[in-house]
Amino acid sequence: MFRINGAPPRNLPRLGLRRKRLTSLLGVVGFLFLLTPPPIAAAHGEQSQQAFERTSTILFYDTHFSTQQLNIGEDLTITGTMRVMNAWPDHTIKPPELGFLTVNQPGPQFFIEDREMSGMFTPQSVKVVKGGVYPYKMVLKARLPGTWHIHPAMAMEGTGTLVGAGQDITINDVGTFAQPQTLSDGRTVDLATFGLSRVTTWHVIGLVLGVLYLAYWLRKSILQRAMVVGEGRASTLVSRRDLKVGVAFAGVAMLIGAAGFAYATTSDGPHVPLQVARYEPVPEAPSSLASHMDTKVDSAVFQEDTGKLVMKIQVRNNADSAINLDHLQFADYEVFNKDLAAQGMADGQNVATVSPSAAIEPGASRDLTIELDARELAARNLLPLNEAQIRLTGLMFFRDAGGQESAAEINEMTSGILPQFG
């Protein structure tokens, strides 16, 4: 910008007008950006957790969803078994003590009507023990149409939410959602809409107050404020009038809050404080097969050149019938014995070669070598080769001739992965 004899340039007013227009345009673009809805997340967020969090903490298995498609208002039942692993790394995270059975879903697409552990109704947090095996059941009522990916989950105090195998569930846009409930005063209300008008009213009041407060402070250009700060005059940004307006807004907000509390206290009743209870479901007793079988993991070696994981285990069968290693499970990923897998599964990545392949007879001991493709484990972030704890944990499932099944842990303390390079 040039000056002639110290006089300001003639185009200074025009530059100021352009700057104000640019500032207004940027403000409008920024406001529209804030109003743009975020994209729907479709990734499996649980894979961002470290491997030991998913394999050494709580393992869900035998998970079953009653249906993959239903209408609004219909029930979905999720059943299965969860095991609090003996390999729980309580030297790294808080020991397992208190948890809450829930469902991991993208928003309130389902309403949880019933949840049980070991046959006990568990509406609140429960106490669990390391090594405990708990059959569970949840009954969900469909609310909103769409296809939703949901998981059974256990939210553990001090650890976070640990999830089991997920399933895409489609809710057809047919039917209506209602959840009638009888109150202590005899009234029957629908929990789907009860108190919604009051919630909406208070949201609108808060929104109007917030927008007015924001509009007052944004009446001046942000760039103009930045220029004032840059010139070293930041103390002039807030005037005495601004202070009075701020105090007035605070007073109005406190007055509205107090009035709302008084209205709620006098208009509704009787009031019952939130109730807190601690349930302690009884772990499932070990099966007959589990009590007559001993296992030990000798080693687990990852061969980087072939991408294979080779495990060596010892099995002692003290049961009355022969047993076979049926499958293994790491977090929500299952790997099946190739010789026992269903037809058509033998060529997939979720199979393992077990040798010797013959059944383990009663009273016999067997050293087994298990070889599986570890690339799928790595793709699911279940092969902790770059973590502080290079350990392999999971479950091995054995089955006898009568179909009885028993799970044995691949324990963290005995099965460190030994990388084999070249």
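Tyr213 and Trp217 are four residues apart in helix H3 (residues 196-217), so they are separated by about one helical turn. Helices (H or I, at least four residues) and strands (E, at least two) are DSSP runs, numbered from the N terminus. The model is predicted: local features need pLDDT of at least 70, side-chain atom pairs count only at pLDDT 80 or more, and totals for chains, interfaces and linings use all residues. Residues are numbered from 1 along each chain as its sequence is written, and side-chain values use heavy atoms, with hydrogens and water left out.

A search of the whole structure finds six aromatic pairs. Rings of Phe, Tyr and Trp (its six-membered ring) pair if their centres lie within 6.5 Å; planes under 30 degrees apart count as stacked, over 60 as edge-to-face and the rest as tilted. One of the six is tilted and joins Phe111 to Phe177, at 6.1 Å centre to centre with 55° between the planes. This pair links distant parts of the chain, 66 residues apart: Phe111 belongs to strand E5, whereas Phe177 lies in the loop between strand E11 (167-172) and strand E12 (180-182). Phe111 is partly exposed at 28% relative accessibility, and Phe177 is buried at 16%. Here buried means under 20% relative accessible area, exposed over 50%, and partly exposed in between (1.4 Å probe, protein chains only).

Tyr213 and Trp217 form an edge-to-face pair, 6.3 Å centre to centre and with 65° between the planes. Tyr213 is partly exposed, with a relative accessible area of 38%. Ring pairs also bring Tyr213, Tyr216, Trp217 and Phe249 together in a cluster.

Arg219 lies over the face of Tyr216, at 4.2 Å from the ring centre. The charged end of Arg143 sits over the ring of Phe177, 5.2 Å from its centre. A charge sits over a ring if NZ of Lys or CZ of Arg is within 6 Å of the ring centre and within 35 degrees of the ring normal.

The strand E5 that carries Phe111 also has a place in a sheet. Five strands form an open sheet in the order E1-E3-E8-E5-E6, with antiparallel pairing. Its edge strands are strand E1 (58-65) and strand E6 (120-121), each of which pairs on one side only. Two strands pair if DSSP finds at least two bridges between them. Strand E5 (residues 110-117) and E6 pair in the antiparallel sense over two bridges, and Met117 has Met120 in E6 as its bridge partner. In general, strands of a sheet pair through backbone hydrogen bonds, either parallel or antiparallel.

E14 and E15 form a hairpin with four residues between them, and Gly307 in the turn has a positive phi of about 75°. E15 is also joined to E19 by nine bridges, and these two strands run antiparallel. Ile313 stands opposite Leu368 in E19.

At 4% relative accessibility, Leu325 counts as buried. Leaving aside residues up to four places away in sequence, Leu325 touches Asn337, Leu340, Val354, Ile370, Met396, Phe397 and Phe398, where contact means heavy atoms within 4.5 Å. Leu325 and Asp339 are 14 residues apart in sequence and 9.9 Å apart in space, C-alpha to C-alpha.

Some backbone features remain to be described. Most residues other than glycine have a negative phi, and most peptide bonds are trans. Ala331 has a positive phi of about 55° although it is not a glycine. Ala331 is found in the loop between strand E16 (323-330) and strand E17 (333-337), and counts as buried at 9% relative accessibility. Asn381, likewise not a glycine, has a positive phi of about 60°. Asn381 lies in the loop between helix H6 (375-379) and strand E20 (394-400) and is partly exposed, with a relative accessible area of 29%. The peptide bond from Ser355 to Pro356 is cis, with omega near -10°. Pro356 has its place in the loop between strand E18 (351-355) and strand E19 (365-373).
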